[in-house]
Amino acid sequence: MFSMKKEFVQSVTAMDEDFAQWFTDVVTKAELADYSSVRGSMIIRPYGYAIWDNVKEALDARIKATGHENVYMPLFIPESLLQKEKDHIEGFAPEVAWVTHGGDEKLAERLCVRPTSEVLFCEHFSNIIHSYRDLPKLYNQWSNVVRWEKTTRPFLRTLEFLWQEGHTAHATDEDAQVETIRMLDEYAQLCEEWLAIPVVKGQKTEKEKFSGAKSTYTIETLMHDGKALQSGTSHHFGDGFARAFDIKYLDKEGKQQYVHQTSWGFTTRIIGAMIMVHGDDRGLVMPPKIAPTQVMIVPIAQHKEGVLDYAYDLKERLSGSVRVGIDASDKKPGWKFNEYEMKGIPIRLEVGPKDIEQGQVVLVRRDTGEKIVVSADELEAKLTGLLEDIQNNLFNKALSHREEHTSVAKSFEDFKSVLVEKPGFIKAMWCGDVACEEFIKEDTSATSRCIPFEQEKLSDTCVCCEKPADKMVYWAKAY
Ligand SMILES: [Zn+2]
């Protein structure tokens with residue numbers, strides 16, 4: 001056992017020693033992803049994809065329950081179409097990948113590989129929306145997108161990633177606003193209730209909003225190392241895209257009106273967030289609701305008569321109430337313990353000859369390491385309760401971490417010293433001038449994360465220029 005542990009410790013960098021290396025180690029050792037031969041692209045391995053599948057299933061149910069339909073748009077966008085909305089193309093041009101040839105033949109017009117699909121939806125909407133009866137259009141697509149990023153990191157920033165993008169068209173600006181916030185709330189609930197990650201909801205500043213949007217809303221989360229991660233965004237487009245793409249409808253009075261649009265996206269990035277919010281020096285820690293396997297059975301002394309049969313019977317019995325796996329391979333129990341701790345499986349169930357004799361099993365919690373001896377008769381009820389406990393414990397731990405790493409800065413001196421001494425969110429007043437935002441970014445590399453819905457009046461003056469200020473902003477260094 002001891003030699004096993006030693007070997008294990010050597011294989012993962014400690015979080016506090018080198019957080020970035022710890023992250024990469026967990027991604028590879030927990031078999032979530034592997035590097036591919038294309039720089040910045042990753043292979044999502046079965047365990048990583050099973051997590052995404054569960055996130056996707058939970059989110060897709062919410063998207064459908066709120067009245068949206070899934071569609072699929074093409075991968076390619078003609079250059080002329082991408083250029084129709086000026087701010088949009090300016091925002092995305094630097095990271096667009098272009099297709100110039102089909103086989104040996106040079107294309108008459110370059111095609112871009114979608115970095116996002118607004119323009120495709122807009123073109124389609126302009127063809128299918130004619131009357132107020134055609135509204136609202138509530139569409140969503142699950143797809144991949146490509147953004148030619150310079151620095152990349154598995155799950156957090158990759159050339160290609162998976163996501164869903166919702167695109168909707170409404171009769172009025174108010175309807176579009178309601179939709180924008182509705183979907184932001186869905187993201188927030190998914191994060192908090194399923195992924196056990198607390199969020200700060202708010203609006204992006206003009207500088208940080210989506211290219212072409214009238215306003216962008218975000219959920220911001222805080223990672224273990226004190227850096228923020230933008231974890232989902234929802235955009236209100238107003239009628240800007242509608243004017244550029246001529247998306248009009250006849251209202252009840254027979255007058256032509258432009259539609260009002262929204263879009264909103266949630267990506268595989270969230271797996272990176274889950275790793276960095278819940279993980280520890282032993283590896284991943286999975287919130288039970290999303291965990292592909294919630295309980296892993298590890299038979300002890302499985303060569304002894306009856307142990308494996310008993311363990312398989314248990315698995316069969318439990319499969320009705322939890323997502324349960326069994327490792328009956330000939331690897332040593334110590335290796336299995338480490339492996340499933342690395343994969344973050346919420347509960348390990350150990351059962352050996354002695355346990356069978358006494359009608360009990362041993363449960364080990366991944367989040368606390370606590371060992372619990374349970375009578376085999378009460379197993380289902382105990383497991384259901386424990387999984388709920390673990391889910392709540394992970395959320396509460398993440399929430400206290402965020403609270404401990406959220407500071408108030410009333411002066412620029414404060415601001416700078418907090419960033420060094422206690423990395424995390426900084427709440428500070430802001431005058432609204434983009435010059436202050438840019439100065440803060442240049443001087444400290446912290447960016448404005450959002451203007452939170454829950455405002456507090458910390459002082460009367462801007463943390464940067466000391467002019468009058470009435471907005472409280474969350475600032476942080478971010479991924
Ligand atoms: Zn200012």
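Which hand does the crossing of helix 10 and helix 13 have? Keep that in mind while you set up the view.

This is a predicted model, in which local features need pLDDT of at least 70, side-chain atom pairs count only at pLDDT 80 or more, and totals for chains, interfaces and linings use all residues. Residues are numbered from 1 along each chain as its sequence is written, and side-chain values use heavy atoms, with hydrogens and water left out. Helices (H or I, at least four residues) and strands (E, at least two) are DSSP runs, numbered from the N terminus.

**Stop 1: helices 10 and 13**

Select residues 307-318 for helix 10 and residues 379-404 for helix 13. They pack at an angle of about 65°, with their axes 11 Å apart. Axes are lines fitted to C-alpha atoms, for helices over the stretch in contact, and angles run from 0 to 180 degrees between N-to-C directions. The crossing is right-handed: the near helix is turned clockwise from the far one by less than a right angle. Now show the contact (heavy atoms within 4.5 Å). Helix 10 brings Leu-314, Arg-317 and Leu-318, and helix 13 brings Leu-379, Glu-380 and Leu-383. The residues divide into 4 nonpolar, no polar and 2 charged. Ala, Val, Leu, Ile, Met, Phe, Trp, Tyr, Cys and Pro count as nonpolar, Asp, Glu, Lys and Arg as charged, and the others, Gly among them, as polar.

**Stop 2: helices 14 and 15**

Go to residues 412-421, helix 14, and residues 434-444, helix 15. Their axes come within 11 Å and cross at roughly 40°. That makes helix 14 oblique to helix 15 (under 35 degrees is roughly parallel, over 145 roughly antiparallel, 65 to 115 roughly perpendicular, the rest oblique). This crossing is right-handed. Select Phe-412, Phe-415, Lys-416 and Leu-419 on helix 14, then Phe-439, Ile-440, Asp-443 and Thr-444 on helix 15, to see the contact.

**Stop 3**

Next comes an open sheet of 3 strands, in the order 4-6-5, with antiparallel pairing. Two strands pair if DSSP finds at least two bridges between them. Strand 4 (76-78) and strand 5 (97-102) are the edges, each pairing on one side only. The twist averages 45° from one strand to the next. Strand 5 is joined to strand 6 (residues 105-113) by 5 bridges. Find His-101: Lys-106 in strand 6 stands opposite.

**Stop 4: an aromatic pair**

The structure holds 16 aromatic pairs. Rings of Phe, Tyr and Trp (its six-membered ring) pair if their centres lie within 6.5 Å; planes under 30 degrees apart count as stacked, over 60 as edge-to-face and the rest as tilted. Select Phe-425 and Tyr-474, an edge-to-face pair, 5.1 Å centre to centre with 80° between the planes. Phe-425 lies in strand 21 (residues 425-430) and Tyr-474 in strand 23 (residues 471-476), so the pair ties together parts 49 residues apart in sequence.
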